[in-house]
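This briefing goes through one protein model, from its overall layout to a few single residues. Keep the sequence and the structure in view while reading.

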Amino acid sequence: MVIKVFLASSSGSTAIKKKQQDVVAFLEALKVDYAQLDIACNEENRMWMRQNVPEEKKPSNGIPLPPQIFNEESYCGDYETFFDAKEDNAVYSFLGLAPPPGSKEAMQADEEQDIVENGTHAEENNDEGTHHDSIEVPEEDRNGDAHEDEEEAEEGIEEDEVAEPEGNEATEGDEEAEETGHAEEDEEQEEEDLQSEEEEELRQLENEEEADVEEEGQEEEYLEETQEEETE
């Protein structure tokens, strides 16, 4: 599988150039096989990229900006999603590749697997302990109300523990929403910068054309005056 990075070699936006350089440099540092596809000089690359970026991932104007990253025909994401994956040590998952042994992402996956396995064993042990406790009827009879109070206290602790993740989930959701908002603002700013640069180029061309016209008019006037003097 080859990673495809769609770039614009002659982009007038410094922000886009910097993002393209960041993606390429990081892929080279990871020694990931990739191919650069220029959309500025190749119309087929431009059309293929625009057609294969999912509609929900396109900006409001419907035109996705480079860099855009694919794994063969599968869409991976743009610069913002690539940057988030890099921050989370999940670039290989983002690219749809298996992390090499010894990499941070591979070690992180192993740790998560160990946590899952240990949690499963702990639940099994808790189930066994509960089963033994239910058999020891005489001990419960001896403890009486004290045992009931302990159970109520444990239930209260469990309820507090269950309530905490909900708060954490809400916080994580707020953070994700905030990050998404920043990404959208950055993308809108980039589009405005790109439009401003294009407008500036058009103004420069118009000024150059006006200057040429004015210069031609002056040359014609000079020729007419010269001819009149020669006639006299």
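**Overall layout**

Starting at the N terminus, the elements of the protein follow the order β-α-β-α-β-β-α-α-α-α-α. That gives seven helices and four strands. The model is predicted.

- The protein has 232 residues, and 20% of them count as buried.
- Among contacts between residues at least 6 apart in sequence, 59% join residues at least 24 apart.

**Contacts across the sequence**

- Gln 20 sits in helix 1, which covers residues 14-30.
- Gln 20 counts as buried because its relative accessible area is 8%, and the cut-off for buried is under 20%.
- Not counting residues up to four places away in sequence, Gln 20 touches Leu 7, Ala 8, Pro 66 and Pro 67.
- Leu 37 belongs to strand 2, residues 34-38.
- With a relative accessible area of 22%, Leu 37 is partly exposed, since that class lies between the 20% limit for buried and the 50% limit for exposed.
- Leu 37 and Lys 4 are 33 residues apart along the chain, while their C-alpha atoms are separated by 6.9 Å.
- Neighbours within four places in sequence aside, the contacts of Leu 37 are Lys 4, Val 5, Phe 6, Leu 7 and Asn 45.

**Backbone exceptions**

- Most residues other than glycine have a negative phi, and most peptide bonds are trans.
- The peptide bond from Pro 66 to Pro 67 is cis, and its omega is near 0 degrees.
- Pro 67 is placed in the loop between helix 2 (43-52) and strand 3 (68-71).
- Glu 72 is not a glycine, yet its phi is positive, at about 55 degrees.
- The loop between strand 3 and strand 4 (74-78) holds Glu 72, which is partly exposed at 30% relative accessibility.
- Asn 89, also not a glycine, has a positive phi of about 55 degrees.
- Asn 89 lies in the loop between helix 3 (79-87) and helix 4 (91-95), and its relative accessible area of 35% makes it partly exposed.

- Asp 110, Glu 111, Glu 112, Asp 114 and Glu 117 form a negative surface patch.
- One of these residues, Glu 117, is found in helix 5, residues 104-135.
- Glu 117 is partly exposed, as its relative accessible area is 39%.

Terms used
Residues are numbered from 1 along each chain as its sequence is written. This is a predicted model: local features need pLDDT of at least 70, side-chain atom pairs count only at pLDDT 80 or more; totals for chains, interfaces and linings use all residues. Side-chain values use heavy atoms; hydrogens and water are left out. Patches are made of residues with over 30% relative accessible area and no salt bridge: like charges are joined within 9 Å, nonpolar side chains (Val, Leu, Ile, Met, Phe, Trp, Tyr) within 5 Å. Accessible areas come from the Shrake-Rupley method with a 1.4 Å probe; for residues, only the protein chains shown count as cover. A salt bridge is a side-chain nitrogen of Lys or Arg within 4 Å of a carboxyl oxygen of Asp or Glu. Lys and Arg count as positive and Asp and Glu as negative; His and the chain ends are not counted. The place of a charge is taken as NZ of Lys, CZ of Arg, CG of Asp or CD of Glu. Helices (H or I, at least four residues) and strands (E, at least two) are DSSP runs, numbered from the N terminus. Buried means under 20% relative accessible area, exposed over 50%, partly exposed in between (1.4 Å probe, protein chains only). Contact means heavy atoms within 4.5 Å.
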